[in-house]
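Have a look at the structure first.

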Amino acid sequence: MKRDHTPRGAAARKIAATVAGAGATVLTASFVIFAGLAAAPGDPVSQLLGAKATDEARANMRRRLGLDDPLLERYRHWLTEALHGDFGISLTSRQEVTDLVGPRLATTFLLVGMAALLVVVVGIGLGVVGGLSRRGRAVVSALVGLGIAVPGFVAANALIGVFAVDLGWFPTYGSGHGLLDRVWHLTLPAVALSIGYGAYVSQLTAAAVAEESEKEYVMTARGRGVPAGVVLRHHTLRNAAVPVLTASGLAVAGLVAGTVVVEQMFAVDGVGALLIRSISSKDHPVVTAVSLIIVVAFVVVTTLIDLLQVALDPRERATS
Amino acid sequence: MTPAPLFRIQDLHVRLRHRGGERTLVREVSLSVRSGQSVGLVGESGSGKSVSIKAAMRLLPRGTRAEGRIAFDGGDVLTLGRRELARYRSREVALIHQDPRAHINPTRTVGAFLTEGVVHTGQMNRAEATERACALMADVGITDAARRLHQYPHQLSGGLLQRVMIVAALLPSPRLIFADEPTTALDVTVQSDVMAILLEQIRERQVSMLFVTHDLDLAAAVTDRLAVMYAGSIVETGPSAEISARPLHPYTAGLLQCRPSTAEVKRLTAIPGRPVAAHEAGTGCSFAPRCPFAVERCRAERPHDRSIEGRTVACHRVEEIADRLEERAS
């Protein structure tokens, strides 16, 4: 086939390559997760049958679960089923994994979405202020230092202590029912989840904005009498957007993994909490599915960033 | 009486706050540009020529302070309010920067760069600006202007991009153009091309120009008057042809002497020592440590501007050494 050498063709090739790369990443990750769990110490069978089970019962159970088949064969089987949307049955609750994960996924996505909103709005907002004004910079640096230094679980405890116990503004635990109630329940967890990454995004935004505002093309625009607001939008913020977008994307992807800790702290029944429970009960089908969801979320977010970068930076479109 | 010059710098000092104290970047600079005139501001890097231009555009970085008087058409540039400053920058003067690659935003199209100035300062709407930009692009020899408008800076060569910068400077029809080393960052092969285009345009439109360069020969060839800068001060001013034929300041003579000859191949004679910055200069003449004619008085006392042969020269010994300088330079 003849190659399309127009800029649009280059962009299309880049997009195709990025998406294909993302698919390959998820596939590889699924095998690593599957093989890793198979190699992990401990045996789902003893977990299921207890220590007193007879050898015969164990052998039966192993056969039923297909644990005696070779690894590659088991992986192939799992993959085929998974591609059809069937992730198997939970070993502990005997429910379909999809039924177990589905409702919790909604909770976790809401939590991640709220935290992401906080990271983007508050984090980038503070960063822009810090990058533009010298006085603002000192205040933002102090906040960033605090945000990065304080571990998430300490912040979570402090938030519960002040806003849930002392002031009683928010519930201490649970995920709530109905959208508004859920948002109310998830506010403190979202704040706790967003602090670390928000600080990181603020820091990076402040640095990017400060650097951009010193650039020569910013001076060119000022020297042409272009109003300060236009210079800010068209040059400083426009060009700072590229690194800020990358950082925000990584932060949001990190939030997905961060839910594991925060859901535990606030007793939110999401996939993070489910993952912890399933790991301790050796419920491999659930662990595999949830781990894969985290990987997919991560890959989707980073792929979106890659594509947005192509849109934001014309030089990215040319090189392929 | 001759009419007042279009642009005049009088007794300009630029100081930079530095570790609690202050550093002088530019000292007692005075120069003027008449309507339709081209003036060259020549000096080595660090001599304060770009700083002077930035002061004239009110683009000095934070922590620097300009004192003195910069007048444009009678108005004091240093005390302009926000709106008058925007008007001055957008309509009266224009600045052509040294490195177009750094001075044009790489994420925005050529068209966006060209029209930004006149559109956002309310001089034209986008359609008018685009139309005029296309016409000007044709004037400076950019073919296929309509396509170029949609391209990004990285898709254009350095020479082409500098022509775009020239178009951007001409678009609002300014009365004075500051050209800060407009060809230095370009390939040698396109330098003269771009220079010729710039000259052609400013002559055709009778725009005044303050041309900043380290290249004395080039400046002498393209300007009416020259001001030679060393260590933040102007050491010699006068008509370009006269200065290059008969330099009166030892520094000017040194600059002329260290240019390569096209007629014969020989090692270049460099001015001994290294150039000093304004803040490093002692109480005497800042060129004294490198000057072959320096005497005790030169090291002790700063020379004042003296008028001689229709020129202004800051040298104690100008009368004594003038003829010897001419010999050395030839």
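This is a predicted model: local features need pLDDT of at least 70, side-chain atom pairs count only at pLDDT 80 or more; totals for chains, interfaces and linings use all residues.

On the contact side, 25 residues of chain B touch 24 residues of chain A. Together the two chains bury about 2300 Å², with 55% of that on carbon and sulfur atoms.

Polar links are there too: the rule picks out 11 residue pairs in polar contact across the interface of chain B and chain A, both residues at pLDDT 80 or more. It also finds one salt bridge between these chains, and that is Glu116(B) with Arg224(A), at 3.5 Å from N to O. On chain B's side, the elements giving two or more residues are helices H1 (49–57), H2 (82–92), H3 (100–103) and H4 (110–120). H4(B) has the largest share, with five residues. Sorted by class, chain B's side comes out as 10 nonpolar, nine polar and six charged residues.

Now the rings. Over all chains, the count is 11 aromatic pairs.

| Pair | Centre to centre | Angle between planes |
|---|---|---|
| Phe31(A) and Tyr75(A) | 4.9 Å | 80 degrees |
| Trp78(A) and Phe87(A) | 6.3 Å | 65 degrees |

Phe31(A) sits in helix H1 (residues 7–39) of chain A and Tyr75(A) in helix H4 (residues 71–83) of chain A, so this pair links parts of the chain 44 residues apart. Phe31(A) is partly exposed at 30% relative accessibility, while Tyr75(A) is buried at 10%. In the other pair, Trp78(A) is buried at 10% and Phe87(A) is partly exposed at 22%.

Notes. Residues are numbered from 1 along each chain as its sequence is written. Chains are lettered from A and ligands numbered from 1 in the order in which they are written. Side-chain values use heavy atoms; hydrogens and water are left out. Contact means heavy atoms within 4.5 Å. Buried area is the accessible area (1.4 Å probe) that two parts lose on being put together, summed over both. A salt bridge is a side-chain nitrogen of Lys or Arg within 4 Å of a carboxyl oxygen of Asp or Glu. A polar contact is a pair of N or O atoms within 3.5 Å; within protein, one must be able to donate a hydrogen and the other to accept it, and residues adjacent in sequence count only if both atoms are side-chain atoms. Helices (H or I, at least four residues) and strands (E, at least two) are DSSP runs, numbered from the N terminus. Ala, Val, Leu, Ile, Met, Phe, Trp, Tyr, Cys and Pro count as nonpolar, Asp, Glu, Lys and Arg as charged, and the others, Gly among them, as polar. Rings of Phe, Tyr and Trp (its six-membered ring) pair if their centres lie within 6.5 Å; planes under 30 degrees apart count as stacked, over 60 as edge-to-face and the rest as tilted. Buried means under 20% relative accessible area, exposed over 50%, partly exposed in between (1.4 Å probe, protein chains only).
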